[in-house]
Amino acid sequence: MSLTRQFALTGSVIMLLAMIAAGFFTAEIVTKATVENTASSTALLIDSFLEPMIQGLASEELLPVDQTSELNRLLKADHFKERFPHLDIWKEGGLIVYSTAPDLIGRRFTPSPGLIKALAGDVSAQYADLNALEHRFREINRKYLEIYVPIREERSGRVVAVAEIHESTAPLQEKLWSLRLKSWLAVAGATALIMAGLFGIVYRGNKLIRLQQRQLHERLVEIEHTSQHNHILKERAQRASGRVAELTENNLRRIGADLHDGPAQLISLAALTVEHVRRAQTPTKHEEELQLLNSVLSEALHDIRTMSKGLMLPEIEDLPMPEIIKRVASSHERRTGTKVAVHCSDISHPLTHGIKICAYRFLQEGLNNAFRHAGGNGQVVTCGLDDSVMNLVVQDDGGAGIGGHASADAGLGLFGMRERVESLGGIFKLTQLPRGGTKIEMSVVVAEGLRDV
């Protein structure tokens, strides 16, 4: 499951439990505060008209008859009786000195906790205990809010009596229900708001984590592909290194054979000619032998210079790739008398010396093969930079040459070209065209950084 769903489930349960606990706690506080506020208001009302009428209880045991009559008259008013159906006045010891139920006057009952608290000077309020003896005596079967109001003597402030008033709970219950509903709505709204805020934070965080996970996965896949590619390049470079060593050895053998069969044989002949010159009997014979010696040495020198030119590279390190290609093509045209079409786009990015040498030898061998196997027909050189990969192509239209068609396994030339390209991590490809020509291609990465541009 995603973090958002986990939070939605666990967070909803936790917030629901917290909301219920907070709702009950808040409702309890609101209920208690409302009851106390109602009790205080009622206490002020009762105290305002009872205190002047019952000051006589400070010195007498029971309420005088005229004051009792006055209380009966006031308490029997419809608006007062509807709100306060019962009123009792208590003195210490649980004695009822006045009651709207005349049968209770003069009787003693066990003082309730509310009465004891009121005798101590504090207003007390709670729901009536229907099991109390005085309530059973009057057969009260519905709950009232029972309020105990201490009545004090005017001069001393001493509590002389306690008024117990029973207030109807219907208006109070309606008020409490409204307050509880509002408190629950407030708690639920606050909980929903907090939950929405936390969910939004978790949702954004989960979205960011998912995005980072996706990016990390993509990066890991890219790293894995790069690792595999590097492994392939490493194996290819190792193979190319071994083949280059073999190719170098073969080239040394070929150079040795060329030197042995060419200049060495001529120099050996020149050595024999020196002996003939020494033994010449006549000036004419001596001159002939000298001319022969000069001819043999000149031919040997020419062969050595020709071989040396093939081994040396011109100064190409500071030249751009298009200029290198033009030089190779021009040299090939002068040497073979053929034409080479060059199509090379501008390559402004700096190339390593190794890539330039590889491209130079690739072009040399490619054009030589085109001349040897196709007679130089339709020779075309194409060069360009695709993103960060340099592509170099040499192709011909085929035809009659001193050799047959070139193949991937033919001779040391193509083999050397392949090894040179693959040693740089590039790709070498030879293709026989449908119309009879041949195309060789090399592709080399020249700058990894360009891929991110």
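Student: Which loop holds Asp 387?
Tutor: The model is predicted: local features need pLDDT of at least 70, side-chain atom pairs count only at pLDDT 80 or more, and totals for chains, interfaces and linings use all residues. Residues are numbered from 1 along each chain, and side-chain values use heavy atoms, without hydrogens and water. Helices (DSSP H or I, at least four residues) and strands (E, at least two) are numbered from the N terminus. Asp 387 sits in the loop between strand S7 (379-386) and S8.

Student: What is the phi of Asp 387?
Tutor: Asp 387 is not a glycine.

Student: Is Asp 387 buried, partly exposed or exposed?
Tutor: Buried means under 20% relative accessible area, exposed over 50%, and partly exposed in between (1.4 Å probe, protein chains only). Asp 387 has a relative accessible area of 45%. Therefore Asp 387 is partly exposed.

Student: Which residue with a positive phi follows H9?
Tutor: Helix H9 covers residues 353-374. The residue after H9 has a phi near 70°. That residue is Gly 375.

Student: How far apart are the end C-alpha atoms of H9?
Tutor: H9 has 22 residues. The expected span is 1.5 Å times one less than the number of residues.

Student: How far does H8 reach?
Tutor: H8 (321-336) has 16 residues. The expected value is 22 Å. From its first C-alpha to its last, H8 comes close to that, reaching 23 Å.

Student: What arc do the buried residues of H8 cover?
Tutor: The buried residues of H8 are Met 321, Pro 322, Ile 324, Ile 325, Val 328, Ala 329, His 332 and Thr 336. The arc is taken from the directions from the helix axis to the C-beta atoms. These residues are on the same side of H8, because they cover an arc of only 165°.

Student: Which exposed residues lie on the face of H2 turned away from its buried side?
Tutor: In helix H2 (residues 65-75), Gln 67, Thr 68, Leu 71 and Leu 75 are buried. They fall within an arc of 100°, so they line one face of H2. The face turned away carries the exposed residues Val 65, Asp 66 and Arg 73.

Student: How many cavities of 30 Å³ or more does the structure hold?
Tutor: A cavity is a set of points on a 1 Å grid over the protein atoms alone, where a 1.4 Å probe fits but cannot get out; lining residues have an atom within 4 Å of a point. Points are joined across faces, edges and corners, and a volume is the space filled by probe spheres set on them. The largest cavity has about 90 Å³. The number of cavities of 30 Å³ or more is three.

Student: Which element gives the most to the lining of the largest cavity?
Tutor: Eleven residues line the largest cavity, and the closest to its centre are Gly 366, Asn 369, Ala 370, Asp 396 and Thr 438. H9, strand S8 (389-395) and strand S10 (438-445) each give two or more residues to the lining. With four residues, the top contributor is H9.

Student: How many charged residues are in the lining of the second largest cavity?
Tutor: That cavity holds about 50 Å³. Val 328, Ser 331, His 332, Arg 335, Tyr 360, Gln 364 and Asn 368 line it, with four residues coming from H8. Asp, Glu, Lys and Arg count as charged; Ala, Val, Leu, Ile, Met, Phe, Trp, Tyr, Cys and Pro as nonpolar; the others, Gly among them, as polar. The lining has two nonpolar residues, four polar and, among the charged, one.

Student: How many disulfides are there?
Tutor: A disulfide is a pair of cysteine sulfur atoms within 2.5 Å. Cys 383 is buried, at 4% relative accessibility. Its sulfur is 3.6 Å from the closest cysteine sulfur, in Cys 344, so the two are too far apart for a bond. The count of disulfides is zero.

Student: How far is Asn 230 from Gly 425 in space?
Tutor: Asn 230 belongs to helix H6 (residues 170-279). Its relative accessible area is 41%, so it is partly exposed. Asn 230 and Gly 425 are 195 residues apart in sequence, yet their C-alpha distance is 9.2 Å.

Student: What distance separates the C-alpha atoms of Ser 423 and Arg 243?
Tutor: Ser 423 is in helix H10 (residues 411-423). At 38% relative accessibility, Ser 423 is partly exposed. Ser 423 and Arg 243 are 180 residues apart along the chain, and their C-alpha atoms are separated by 9.6 Å.

Terms used:
On a 1 Å grid over the protein atoms alone, a cavity is a set of points where a 1.4 Å probe fits but cannot get out, and a pocket is an open set with protein on both sides within 12 Å along at least five of seven lines; lining residues have an atom within 4 Å of a point.
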